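This report goes through selected local features of one protein chain. Please keep the sequence and the 3D view open while reading.

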Amino acid sequence: MKVYLAQPRGFCAGVVRAIEIVERALEKYGPPVYVRHEIVHNKHVVESLKARGARFVETLSEVPPNAITIFSAHGVAKSIEDEAAARDLPVLNATCPLVTKVHNQGKRYVAQGRILILIGHAGHPEVEGTLGQISGPIRLIQTETDVDALDIPDDSPVAYVTQTTLSVDDTRGIIAALQRRFKNIIGPETRDICYATQNRQSAVRDLSKVVDLILVVGAKNSSNSNRLREIGAEAGIPSYLIADGSEVELEWLQDVETIGLTAGASAPEVLVKDVIDALRRFGPVEVTTFPGREEHIEFRLPAELANLTTTRTVSNGH
């Protein structure tokens, strides 16, 4: 079998930064440190950090007084920030800078007197955080049909922002429907949409033209990983979302000569290698990296952690 590795795949800069914040906090302050929600949506990453002394909690009430507290890459509502401040908890904010940018854009639009429309998945931690960061009228929509159901007069001044784990392609139809309905509408430029989401989706579309099967390494609760699998399926290629090599099924490989292998933005490279090892148990495998876009983006760490050197155990392996 030939295995083509998607380029890019796996960790994005926001995930690298979030994991590094937890690792450096453990190194500087010692365990335990408390992380609100999974730092990123990947069980392997979470378990690895747990083993080093990170404690993952869903509410700040689970955090002891004065304990180092870390907000996940998805961002949190303003009420969570206020609660942490009221308790004088020392906070390190691992919110992805691109998520913070969406928060700030939304706040600016509301300050201009516009009704804000958020395109995203209900219940996703990033969406919950964004809804809780912006005061003022805000509506959440998920599909083009939701646009028609909005209880907003057509001549109202409106604006839209999007969940970062959606791509230009994911949101194009919804934005077009909004623009058809509302004449006084503004939104961020498409280049503001998360580069990592767009690049990983484009890579899967390219792969789907040359492979018989697509495997996506990622967590079931990872929005961007699920979308990568859907894109393969939409292209007519059998596509499966797997956590690691143990989930590869022999029956998927019948009459398959070429496999496209990618990973969601929160899946480490070690799990990609695990899938390749699993495939090798079924027969000889030739691995090639498919040509694609190279990413060189890095996000700055919080000042109090910036000068530490750390040995990363949850590495991406590139």
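## Terms and basis

A residue is called buried if its relative accessible area is under 20%, exposed if that area is over 50%, and partly exposed in between, using a 1.4 Å probe and protein chains only. By this rule Asp-255 is exposed, because its relative accessible area is 78%.

The model is predicted, so local features need pLDDT of at least 70 and side-chain atom pairs count only at pLDDT 80 or more, while totals for chains, interfaces and linings use all residues. Residues are numbered from 1 along each chain as its sequence is written, and side-chain values use heavy atoms, with hydrogens and water left out.

Asp-255 is found in the loop between β11 and β12. Helices (H or I, at least four residues) and strands (E, at least two) are DSSP runs, numbered from the N terminus. Asp-255 has a positive phi, near 60°, in a residue other than glycine. His-37 is not a glycine either, and its phi is positive at about 70°. His-37 sits in the loop between β2 and α2, and at 15% relative accessibility His-37 counts as buried.

Two peptide bonds can be inspected next. Gln-7 and Pro-8 are joined by a cis peptide bond with omega about 0°, and Pro-8 lies in the loop between β1 and α1 (13-29). Pro-31 and Pro-32 are also joined by a cis peptide bond, with omega about -5°; Pro-32 has its place in the loop between α1 and β2.

## Aromatic pairs

Rings of Phe, Tyr and Trp (for Trp, the six-membered ring) pair if their centres lie within 6.5 Å; planes under 30 degrees apart count as stacked, over 60 as edge-to-face and the rest as tilted. The count by this rule is two aromatic pairs. In one of them, the ring centres of Tyr-4 and Phe-290 are 5.7 Å apart and the planes stand at 75°, so this pair is edge-to-face. The pair links distant parts of the chain, 286 residues apart: Tyr-4 is in strand β1 (residues 2-5), and Phe-290 is in the loop between β13 (286-289) and α11 (303-306). Tyr-4 is buried, with a relative accessible area of 17%, and Phe-290 is buried at 18%.

Tyr-240 and Trp-252 form a stacked pair, with 3.8 Å from centre to centre and 5° between the planes. Tyr-240 belongs to strand β11 (residues 239-242) and Trp-252 to the loop between β11 and β12 (258-263), so the pair ties together parts that are twelve residues apart in sequence. Tyr-240 counts as partly exposed because its relative accessibility is 28%, whereas Trp-252 is buried at 16%.

## Two helices that cross

Two packed helices are described by the angle between their axes and the distance between the axes. Here, axes are lines fitted to C-alpha atoms, for helices over the stretch in contact, and angles run from 0 to 180 degrees between N-to-C directions. The axes of α4 (residues 97-111) and α5 (residues 125-133) come within 10 Å and cross at roughly 35°.

Which residues of α4 and α5 meet? Val-99, Val-102, His-103 and Lys-107 in α4 meet Glu-126, Gly-129, Thr-130 and Gln-133 in α5, where contact means heavy atoms within 4.5 Å.

## Two buried loop residues

Asn-42 is in the loop between β2 (33-36) and α2 (43-51), and Asn-42 is buried, with a relative accessible area of 3%. A polar contact is a pair of N or O atoms within 3.5 Å; within protein, one must be able to donate a hydrogen and the other to accept it, and residues adjacent in sequence count only if both atoms are side-chain atoms. The side chain of Asn-42 reaches the backbone nitrogen of His-44 at 3.0 Å, and a polar atom of that side chain lies 3.1 Å from the backbone nitrogen of Val-45. Leaving aside neighbours within four places in sequence, the contacts of Asn-42 include Ala-219, Ser-266 and Pro-268.

Thr-165 is in the loop between β8 (158-162) and α7 (168-181). At 14% relative accessibility, Thr-165 counts as buried. Its side chain makes a polar contact of 2.7 Å with the side chain of Gln-163.
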